[in-house]
Amino acid sequence: MKRPEPLLRRLLFPGGGWAALAVFAAVASLWTVFSNGWEDAPAARAAYAFSAYVLVVAICRAVPAARRAKTAVYGLPPVRRWRADAALCVNLCFAACKLYAGIRFRSPWFGAAAVYYTVLSTMRFAVLRGVRNAPPAGPSAAPVWQMRGLRVYRRCGVLMFALNLAMTAIAAQMVWQNRAYRYPGTLIYASAAYTFYCFGSAAASAVKAHRMHDPVHAAAKMLGLAGALMSVLTLQTAMLAQFGGDAAMRRTMNAVTGACVCSLVFCMAAFMAVRGNILLRRAARQNAAASAAPPSIHF
């Protein structure tokens, strides 16, 4: 026997015909109120309440529809490829600008930032190429695809050492030269909220990715976590620069956070490089054993 839907759900998600009729009735009631100057009449309050209810119903129906449309549009290969390529091009252009500024002004700060964004773009390109060229990995995937995915994973771990060197150079300049990122006005609050959201999401995704059998996507999640850690460090320097505090306290806080971030990224790089190498050797031994085994005879 089918359970009846709760009353609140039936009120917020009526059928399509009832929803269209309610919208028409709300528009008609408001038009009647405003065209006749009945804004202060008792009946106008009922029209306002009914119109507010219809607005809530419209929003409840529009949000799932918008999500489905977004998923459908982002699922199209041209759109998906354009989004990935656009992000990669932005990172490369940003790295080029930082490199030009570092050479033009002889600034180690811009030079370290240029190296950071260059390595970040290289890692994203490696992951993007691995995602495009390989089918979804898994325990039953073909050995050639498993080997390619593990090579991408190990390569990203090696490149993350270079990323960590650039992050260490940036953190050192934050500590010794009192460098900091600055946000105008109250934009720092929005940046803080977005940074904490990205960090929590990246950390959860990185943990889940290593429980799966897809090294390419695991590398992408680890890369996202490294970027989120760097965002946390830059946000801290911006908050300390904007909300004050003595120079010694800022230097100590930046040194502690910078050391923690760089140490975590170094451990991630070592973990990916060592784990990728171990899995590659294991996969190579399994493939060699499978190819050397005599064919089975079935009767």
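Of the 299 residues in the protein chain, 31% are buried (under 20% relative accessible area; exposed is over 50%, partly exposed is in between; 1.4 Å probe, protein chains only). This is a predicted model, in which local features need pLDDT of at least 70, side-chain atom pairs count only at pLDDT 80 or more, and totals for chains, interfaces and linings use all residues. Residues are numbered from 1 along each chain as its sequence is written, and side-chain values use heavy atoms, with hydrogens and water left out.

**Figure 1. Helices of the protein chain.** The protein chain holds nine helices and zero strands. Helices (H or I, at least four residues) and strands (E, at least two) are DSSP runs, numbered from the N terminus. In sequence order the pattern reads α-α-α-α-α-α-α-α-α.

**Figure 2. Crossing of helices α7 and α8.** Two packed helices are described by the angle between their axes and the distance between the axes. The axes of α7 (residues 187-209) and α8 (residues 215-243) come within 8 Å and cross at roughly 155°. α7 is therefore roughly antiparallel to α8. Axes here are lines fitted to C-alpha atoms, for helices over the stretch in contact, and angles run from 0 to 180 degrees between N-to-C directions. Angles under 35 degrees count as roughly parallel, over 145 as roughly antiparallel, 65 to 115 as roughly perpendicular and the rest as oblique. The crossing of α7 past α8 is left-handed, meaning that the near helix is turned anticlockwise from the far one by less than a right angle; clockwise would be right-handed. Y197 is placed in helix α7 and is exposed, at a relative accessible area of 56%.

**Figure 3. Nonpolar surface patch of L11, F50 and Y53.** These three residues make a patch of about 230 Å². Patches are made of residues with over 30% relative accessible area and no salt bridge; like charges are joined within 9 Å, nonpolar side chains (Val, Leu, Ile, Met, Phe, Trp, Tyr) within 5 Å. A salt bridge is a side-chain nitrogen of Lys or Arg within 4 Å of a carboxyl oxygen of Asp or Glu. Accessible areas come from the Shrake-Rupley method with a 1.4 Å probe, and for residues only the protein chains shown count as cover. L11 sits in helix α1 (residues 7-12) and counts as partly exposed because its relative accessibility is 38%. V54 and L11 are 43 residues apart in sequence, with a C-alpha to C-alpha distance of 9.9 Å. V54 belongs to helix α3 and is buried, at 8%.

**Figure 4. A44 in helix α3.** Helix α3 spans residues 42-74 and includes A44. With 1% relative accessibility, A44 counts as buried. A44 and T32 are 12 residues apart in sequence and 9.2 Å apart in space, C-alpha to C-alpha.

**Figure 5. R106 in the loop between α4 and α5.** The loop joins α4 (77-105) and α5 (108-133). Most residues other than glycine have a negative phi. Phi of R106 is near 50°, a positive value. R106 counts as exposed, at 78% relative accessibility.

**Figure 6. L165 in helix α6.** Helix α6 covers residues 143-176. L165 is exposed, with a relative accessible area of 61%. L165 and Y116 lie 49 residues apart in sequence and 8.3 Å apart in space, C-alpha to C-alpha.
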